[in-house]
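Please read these notes with the model open beside you.

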Amino acid sequence: RRAPARGMTAGGPMLPTAPLGISFGGGDASTPKIEVFLDFACPFSGRLFRTIWLESRPGRPLHGRAQFTVELVVQPWHPQSEVLHESVLAVRALAGFDPALSFAHALWLAHTDFIDAAVVGETRMQTAGRLAALAESVTGILAFKLLPLLTHGDPSNGPMMQLLKWQVRQHRTRGVHVTPTCFIHGIEATQISSSWNVEQWAAMLDELAAAN
């Protein structure tokens with residue numbers, strides 16, 4: 001008889017049952033695997049994400065050329081970073097990868113609304129309320145359905161907090177400190193810059209394809 005899945009972690013910490021990251025790009029098993037570690041409070045992360053996400057959409061130059069995976073890095077010197085990340089995880093939990101990525105894009109477009117100076121006079125729940133309203137405008141998820149997932153102490157928040165703990169454990173284990181940080185097939189690619197344009201990304205993918 002098959003043992004319950006939870007028996008595998010008896011005596012140890014909980015383990016994720018699925019990959020933690022949010023993947024996109026249309027790549028397959030033969031294309032490069034590129035992990036991008038990002039903080040939603042970091043403008044340089046936003047610059048890199050906008051380039052690769054927009055240029056990886058169908059019909060764009062990077063589509064199908066790589067599998068990109070967004071991994072989350074909460075940076076504690078930005079107090080709002082934690083709830084920003086939770087909001088993206090909450091959208092993913094309710095609607096899936098594509099709406100979560102669309103919301104992430106909108107969140108960086110609205111970056112100045114959530115910088116340190118913009119939230120310094122707010123409670124955490126006031127910031128969460130604005131995030132839920134933004135998510136509703138982008139994804140159609142009603143804010144009142146999203147907000148419990150961002151409310152500490154609400155049972156709905158538990159899974160979001162656990163996902164975030166795993167993300168923090170992952171980037172600490174991998175030695176990621178600054179954002180954005182990129183890995184190609186598990187190796188940190190220090191040459192990648194947030195200032196890269198689509199031509200530079202395409203040139204790097206050309207090099208990887210030629211060497212394969």
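**Notes on a strand and a helix**

1. In strand E4, cysteine 182 is the bridge partner of valine 36. Strands here are DSSP runs of type E with at least two residues, helices are runs of H or I with at least four, and both are numbered from the N terminus. The model is predicted, so local features need pLDDT of at least 70, side-chain atom pairs count only at pLDDT 80 or more, and totals for chains, interfaces and linings use all residues. Residues are numbered from 1 along each chain as its sequence is written, and side-chain values use heavy atoms, with hydrogens and water left out.

2. Strand E2 (residues 33-38) and E4 run antiparallel and are joined by four bridges. Strands pair if DSSP finds at least two bridges between them. E4 is also joined to strand E5 (residues 187-188), antiparallel, by two bridges. Isoleucine 184 stands opposite isoleucine 187 in E5. The hairpin of E4 and E5 has two residues between the strands, and histidine 185 takes a positive phi near 50° there.

3. In a regular strand, side chains alternate between the two faces of the sheet. In E4 (residues 181-184), Thr181 and Phe183 lie on one side, Cys182 and Ile184 on the other, and all are buried (under 20% relative accessible area, with a 1.4 Å probe and protein chains only; exposed is over 50%, partly exposed in between).

4. The buried residues of helix H5 are Thr127, Ala128, Leu131, Ala132, Leu134 and Ala135. Seen down the axis of H5, they fall within an arc of 165°, so they line one face of the helix. The arc is taken from the directions from the helix axis to the C-beta atoms.

5. Just after H5, glycine 140 takes a positive phi of about 85°.
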